[in-house]
Amino acid sequence: MKAPFSAYLSGIKPGLQKLLGLLQPDYDYVSILATDSKGLSVRISRHARSVGSETMTTERGVVVRVSKNGQYSEYALNGFDPEKPEEAAREIREAIDAQLALLAKAGVESYPTPPLPDEPCSLFVEKEAEQLPEETDAKPLVEKLSALIDKMGELSEELIECMASAQSTHISKLFLTRNRDMSQSYVYSEGSVAAVAMREGRNQIGYESVSGLGGPELFEDLEPAAEKAVKIALELLDAERIEPGEYEIIASPEVTGLIAHEAFGHGVEMDMFVKNRALGKEYIEKRVGSDLVTMHEGALCAENVTSYAFDDEGTLAGDVIEIDHGILKTGICDALSALRLGVQPTGNGKRENFEHKAYTRMTNTIFDSGSDSLEDMIASIEDGFLLEGMESGMEDPKHWGIQCIIKMGREIKHGKLTGRIVAPIIMTGYVPDLLGNISMLSPDRQVFGSGGCGKGYKEWVKVSDGGPYLKTKARLG
């Protein structure tokens with residue numbers, strides 16, 4: 001079925017259109033983004049249960065963006081009365097005038113930016129979902145996850161805790177300008193399972209997740225994930241420390257996604273180019289990887305948790321080829337940064353919620369596939385590791401350093417897996433070296449969208465990343 005567009009947003013739309021008309025005579029540009037997102041969240045462990053309606057992206061509110069004499073301002077409303085648009089217009093004008101006066105008094109210089117383009121666009125999108133989170137009976141889901149937890153606990157006496165979570169969010173957004181009337185509705189879901197094992201006072205955690213566009217029906221895939229999480233936790237109990245050094249490695253699709261996200265994530269978010277805070281700005285049309293490396297970024301290049309029809313600035317979603325056979329072609333860009341750089345926006349202007357500023361943010365960041373089998377990759381390695389599972393990562397966009405914390409590595413000697421496991425692993429390196437050494441890519445690829453990404457230490461949004469198995473060289477420790 002189609003995920004129905006918010007009745008609340010449809011109800012306040014006439015009032016928002018009146019508000020738009022009231023503000024337009026006073027400003028060079030006016031846009032309105034209205035959001036209404038409903039959720040379902042269930043968390044189960046052996047000792048606790050919680051059920052709620054809040055997720056990372058549930059919200060309801062309105063944000064108005066205006067421009068006058070090259071200065072942009074925004075004002076957020078967590079309540080809007082469609083019968084009283086005049087009151088909202090007066091509140092917005094007074095607040096923005098006060099903001100500008102305060103900036104002028106403090107001597108703050110603005111970054112003059114012309115009005116955003118406003119090409120006509122009428123769009124109404126309702127994506128498919130079998131179930132809606134706001135209509136899902138939580139009781140059967142709680143019972144199902146509880147039974148899954150019990151089943152996990154029966155797999156080994158060394159398990160001391162098992163956990164499962166399931167979250168689903170129905171997002172509706174309305175974007176209005178003088179010439180744009182855009183609506184979208186879609187549902188995304190994500191679930192995870194974790195197993196904690198202990199032996200001789202040592203604890204290890206196995207973790208697996210599922211994510212994608214669609215409703216709570218996606219949680220049917222958690223049972224095989226649960227068995228894998230238990231297996232990983234038990235394997236990690238036997239893990240040894242790695243001898244630091246440079247190795248040939250094979251990255252699993254999840255680790256490939258982590259590399260994509262950290263290597264060419266924030267480093268090619270072009271709002272960083274405006275402030276000269278990213279080395280990627282100097283590498284456009286230059287080589288940053290081997291000929292095998294092609295990377296896509298965009299809400300349309302995959303279907304997962306951040307695959308929308310338009311971004312929070314009313315820019316249509318895209319599929320951007322950031323790297324084409326090793327050559328960095330472009331970055332990704334929000335609408336205001338695009339104006340300042342003289343480029344086209346890519347549909348990557350995203351807000352944490354309606355009360356937060358729009359920044360250039362990642363959506364789906366994915367390495368393209370190749371033609372080499374995993375078996376051939378393993379056979380080609382004399383001394384190295386197959387890396388699996390991601391913990392976290394970070395990068396330095398100004399110098400292109402990368403650090404990835406990886407769950408485990410499976411040792412490869414003389415072209416064969418030995419059965420020895422090392423953990424945890426910290427992978428570091430210089431991005432062009434890491435990508436330049438990619439020599440094999442598998443034909444299959446996967447996309448992962450559980451969790452979120454911050455801009456620095458804040459501004460959390462949903463992202464997904466992935467790719468195929470890939471072979472390269474990296475420093476491990």
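User: Where is Ser-290 found in this structure?

Analyst: In this predicted model, Ser-290 is in the loop that runs between helix H6 (271–274) and strand E10 (295–297).

User: Why does Ser-290 count as buried?

Analyst: A residue is termed buried when its relative accessible area is under 20%. Ser-290 has a relative accessibility of 12%, so it counts as buried.

User: What makes helix H5 mostly covered?

Analyst: Of the 11 residues of H5 (residues 253–263), 10 are buried. Among them are Pro-253, Val-255, His-261 and Glu-262.

User: Which residues of helix H1 are buried?

Analyst: They are Leu-9, Ile-12, Gly-15, Leu-16, Leu-19, Leu-20 and Leu-23. As a general point, an α-helix has 3.6 residues a turn, so residues three or four places apart point the same way.

User: How does the span of H1 compare with the expected one, and where does H1 bend?

Analyst: H1 (residues 7–23) has 17 residues and reaches 25 Å from its first C-alpha to its last, which is close to the 24 Å expected. The bend, of about 45°, is at Lys-13, and Pro-14 follows within four residues.

User: Why is strand E25 described as largely enclosed?

Analyst: Strand E25 (residues 470–476) has 7 residues and 5 of them are buried, so the rest of the structure largely encloses it.

User: How do you know that E25 pairs with strand E9?

Analyst: Two strands pair if at least two bridges are found between them. E9 (residues 245–251) and E25 have 7 bridges, in the antiparallel sense. Within this pairing, Ala-251 stands opposite Leu-470.

User: What other strands are joined to E25, by how many bridges?

Analyst: Strand E19 (residues 425–430) runs antiparallel to E25 and is joined to it by 2 bridges; here Thr-428 stands opposite Arg-475. Strand E20 (residues 440–441) is also antiparallel to E25, over 2 bridges, and Leu-441 has Leu-470 as its bridge partner.

User: What makes E7 and E8 a hairpin?

Analyst: Strands E7 (residues 180–199) and E8 (residues 202–213) run antiparallel and are joined by 12 bridges. The hairpin they form has 2 residues between the strands, and Glu-200 in the turn has a positive phi of about 50°. Tyr-188 stands opposite Leu-213 in E8.

User: Why is the contact between Glu-74 and Arg-65 called a salt bridge?

Analyst: The term applies when a side-chain nitrogen of Lys or Arg is within 4 Å of a carboxyl oxygen of Asp or Glu. For Glu-74 and Arg-65 the N to O distance is 2.9 Å, so the pair meets the definition. Arg-65, at 4% relative accessibility, counts as buried, whereas Glu-74, at 24%, is partly exposed.

User: How do Lys-458 and Glu-459 stand against that rule?

Analyst: Their side chains meet in a salt bridge with an N to O distance of 3.4 Å. Lys-458 counts as partly exposed at 32% relative accessibility, and Glu-459 counts as buried at 8%. Elsewhere, salt bridges that share partners join Arg-65, Glu-74, Glu-313 and Arg-351 into one network.

User: What makes the pair of Lys-173 and Asp-312 a link between distant parts of the chain?

Analyst: The side chains of Lys-173 and Asp-312 form a salt bridge of 2.7 Å, N to O. Lys-173 lies in strand E6 (residues 159–176) and Asp-312 in the loop between E10 and strand E11 (320–324), 139 residues apart. Both Lys-173 and Asp-312 are buried.

User: How many salt bridges are counted by this rule?

Analyst: The count comes to 30 salt bridges.

User: Is Trp-400 buried or exposed, and what of His-414?

Analyst: Trp-400 has a relative accessible area of 0%, so it is buried. His-414 has 60%, and because exposed means over 50%, His-414 is exposed.

User: What makes the phi values of Trp-400 and His-414 worth a remark?

Analyst: Most residues other than glycine have a negative phi. Phi of Trp-400 is positive, near 65°, and that of His-414 is positive, about 50°. Trp-400 is in the loop between strands E16 (383–396) and E17 (401–413), and His-414 is in the loop between E17 and E18.

Definitions and conventions: Residues are numbered from 1 along each chain as its sequence is written. This is a predicted model: local features need pLDDT of at least 70, side-chain atom pairs count only at pLDDT 80 or more; totals for chains, interfaces and linings use all residues. Side-chain values use heavy atoms; hydrogens and water are left out. The expected span of a helix is 1.5 Å times one less than its number of residues. The bend at a residue is the angle between axes fitted to the seven residues ending there and the seven starting there. Buried means under 20% relative accessible area, exposed over 50%, partly exposed in between (1.4 Å probe, protein chains only).
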